[in-house]
Structure formats: C-alpha cells, structure tokens
Amino acid sequence: MNNSNALYIVATPIGNLGDMTIRAQEVLRLVDIIAAEDTRHSARLLQHFQISTPLLAYHDHTNEAQTQRLLDRLISGDNVALISDAGTPLISDPGYRLVAMARQQGVNVVPIPGASAVITALCAAGLASDRFAFEGFLPAKTGARQQRLEPLAADPRTLIFYESPHRIQESLQAMAQTFGEGRQLVLARELTKTFETFLSGSFIEVLAMLEADANQLRGEMVVLVQGYSAPSSEADSVDPEAQRIMRILMSELPLKQAAALAAQISTEKKNKLYQWGLQEKN
Ligand code: SAM
C-alpha cells in the first residue's frame, strides 16, 4: 500500500472470475478492512482468491453514523476497500453516500476499475457507443416507470437499463409502447458467463424471441435501446402540439385512427400525421 491511506472502490467480476484484476486482488489483500454489500457472498470471492482481509457489511441501509464510523477509521489511518456483490460499486449498487462523505471530509478515494455490466454490454451490442445514457433499474410500478420512460422517447443517445428476469417482458412492453415497437434494441444476458447471449431486433422481434424460448428469460440482463433518430423532413415540420396529441392518441388507438382524430383536433393533414406516426413508431 502506498503511504497515504485511502478508500478504494474496487470492481469485482460480473460472472467470470477471470475478470478479477491483479490490482483488485492486491488492494483487497492489503487493505485493513473490506466493506461489502453482502459479506457472505463476498467471503466466497475472497476465499477463491485466498484473501483473508476482514469483511464488514456496507449496504444501502447503512446509516450515517455507521458510515461515519467507517470514515473515522480512514481518517485515523486505516485503508478501506469497498466492493459490491458484482461489478463496480455505486453502479446500481451501494456506495454513493460513503464516497460523497469521504470526499467532503478530505479522504483520499481511489478507483480500482474492472467489470461493469453496463460497459460490458455496450461494447459488444453493436449500438452507437459515442453517446449513451445509463438509466439503471426502472421503477417497478407502472405509473412511475412510464414517467421515467416518456422523457427518454426522443433521446438520441443509446439508452441502457438494468432489468431483472421477472420484470423483463413487462418492461420491454412498456418501452415498446413509449419508444415505438419498431425501435431496435439489444438484450444482453448472462454476460461473461457460460450462457452469454445477445438478442437483437425490434421490440416486436425481441419480445417474440422471449415468448418462444423461456431460457431467454433466465439470468442477469441489460437492455440497450437504440437512440431516437430524428424523423426526416416532412415529419419534422409537424407542429409540436399535433405531435403531442398524436403521441397520446397513438398510445390508445391504432395509428390510422389516431391520425384521423389528430387531424380533426389540430391543423395538420391526416396523411402527414400518419407518416409522422409511422416514423415515430420506428
Ligand atoms: N454494480 C454492477 C455493475 O457494475 O454492473 C451492477 C449491480 S446491479 C445490482 C445488478 C444488475 O446488473 C443485474 O440485475 C443486471 O441487470 C446487471 N448485471 C450484472 N451482472 C450481469 C451479467 N453478468 N450479465 C448481464 N447483466 C448483468
């Protein structure tokens, strides 16, 4: 360990133990204590790498006083590592409060990078990777989920979500409704593990693949959605208010009917609205 002590944020594998970096092993061996989300789970990882550093529980429910006790150890000269069950701590995992408080109190925070499902999925999905938005887990409740999805519908960046197998179909259906059934996505499953799979296609196609093969509903998964691409010229000129009306109507009605009704409500022509709707769905 170097002479100034620190809080080390250490990434661990997301499935394949071969992805544990040499630096991560060294740090975990040399720190005074390892704060872990689930100490029993992490004990198995440490055992595999023959690391005998003591473990201490740190999770989202750890209160401020307990967090402060950990920081006090750092302030008094101990080296502490933070790990989560898998991947990079703080990425849809505990640690944010600890790191924020550590920085506020002048504690040295050192990242030890390694696996994270979001980047692992993105680098092999074949979707644009120059700009992306990581959205973590969607809320479980329908209304809250919809509220999160709607502002993303016109986001040009690749959208990345974590999802659990028991909610995947429901979430994909909600996304299909909001982003358009024709929008492309990639479902990256069991990354770095034996049954690693990438399913790609439109929402309709991927939902059909899941319906046809229950094995595709197993394990851990990342959903990557192609960013919105601005519709071409004619549709561009559709009045924003008419677009808003169309989106509402399209969520309840077939496109043809939605365009006919929106034409009566707005000043736009039915056919133009229909074309706009087609592009929107795609
Ligand atoms: N901190 C982790 C990281 O850096 O990726 C993420 C932790 S979060 C609690 C767990 C979620 O990450 C899973 O539900 C899944 O969406 C995603 N995930 C983790 N490991 C994965 C894997 N091997 N394959 C696909 N997705 C994975």
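The following is a working chat about a predicted model of one protein.

Student: What do I need to know about the model before we start?
Tutor: The model is predicted, so local features need pLDDT of at least 70 and side-chain atom pairs count only at pLDDT 80 or more, while totals for chains, interfaces and linings use all residues. Residues are numbered from 1 along each chain as its sequence is written, and side-chain values use heavy atoms, with hydrogens and water left out.

Student: How many helices and strands does the protein have?
Tutor: Twelve helices and ten strands. These are DSSP runs numbered from the N terminus, with helices being H or I of at least four residues and strands being E of at least two.

Student: And what does the C-alpha trace span along its principal axes?
Tutor: About 70 × 40 × 30 Å.

Student: What are the domains?
Tutor: The assignment gives domain 1 as 6-115, domain 2 as 118-225 and domain 3 as 234-281. Such bounds come from an automatic or database domain assignment. Taken over C-alpha atoms, the centres of domain 2 and domain 3 are separated by 26 Å.

Student: What share of the residues is buried?
Tutor: Of 282 residues, 45% count as buried. Buried means under 20% relative accessible area, exposed means over 50%, and partly exposed is in between, with a 1.4 Å probe and protein chains only.

Student: Which residues have the most contacts inside the largest nonpolar core?
Tutor: Phe161, Leu172, Met175, Phe179, Val223 and Val225, in a core of 24 residues. A nonpolar core here is a set of buried Ala, Val, Leu, Ile, Met, Phe, Trp, Tyr and Cys residues joined through side-chain atoms within 4.5 Å.

Student: Which elements give two or more residues to this core?
Tutor: Strand S7 (158-163), helix H7 (168-179), S8, helix H8 (203-212) and strand S10 (221-225). H7 gives the most, with six residues.

Student: What does Phe179 touch?
Tutor: Not counting residues up to four places away in sequence, Phe179 touches Leu149, Leu152, Ala153, Leu159, Phe161, Phe203, Val225, Glu280 and Lys281. Contact means heavy atoms within 4.5 Å.

Student: Where is Ala125 found, and is it buried or exposed?
Tutor: Ala125 is found in helix H5 (residues 117-125). It counts as buried because its relative accessibility is 15%. Leaving out residues up to four places away in sequence, Ala125 touches Val186, Phe198 and Leu224. Ala125 and Phe198 are 73 residues apart in sequence, and their C-alpha atoms are 7.2 Å apart in space.

Student: Now Pro111: buried or exposed?
Tutor: Exposed, because its relative accessible area is 57%. Pro111 lies in strand S5 (residues 109-112). Apart from neighbours within four places in sequence, Pro111 is in contact with Ile9 and Arg23. Between the C-alpha atoms of Pro111 and Ser237 there are 48 Å.

Student: Moving on to backbone angles, what is phi of Glu190?
Tutor: Near 50°, a positive value in a residue other than glycine. Glu190 is found in the loop between strand S8 (184-189) and strand S9 (197-202). Its side is not the exposed one: Glu190 is buried, with a relative accessible area of 14%. Thr192 is found in the loop between S8 and S9 and has a positive phi of about 70°, although it is not a glycine.

Student: At what angle do H10 and H11 pack?
Tutor: Helix H10 (residues 240-252) and helix H11 (residues 255-265) pack at about 145°, with their axes 9 Å apart. Axes are lines fitted to C-alpha atoms, for helices over the stretch in contact, and angles run from 0 to 180 degrees between N-to-C directions.

Student: Which residues meet there?
Tutor: Ile245, Met246, Leu249 and Met250 in H10 meet Leu255, Ala258, Ala259, Leu261, Ala262 and Ile265 in H11. By class, that contact has ten nonpolar, no polar and no charged residues. Ala, Val, Leu, Ile, Met, Phe, Trp, Tyr, Cys and Pro count as nonpolar, Asp, Glu, Lys and Arg as charged, and the others, Gly among them, as polar.

Student: What about the packing of H10 and H12?
Tutor: H10 and helix H12 (residues 270-281) pack at about 65°, with their axes 11 Å apart. The contact is made by Ala242, Gln243, Met246, Arg247 and Met250 of H10 and Leu273, Trp276, Gly277, Glu280 and Lys281 of H12. By class, there are five nonpolar, two polar and three charged residues.
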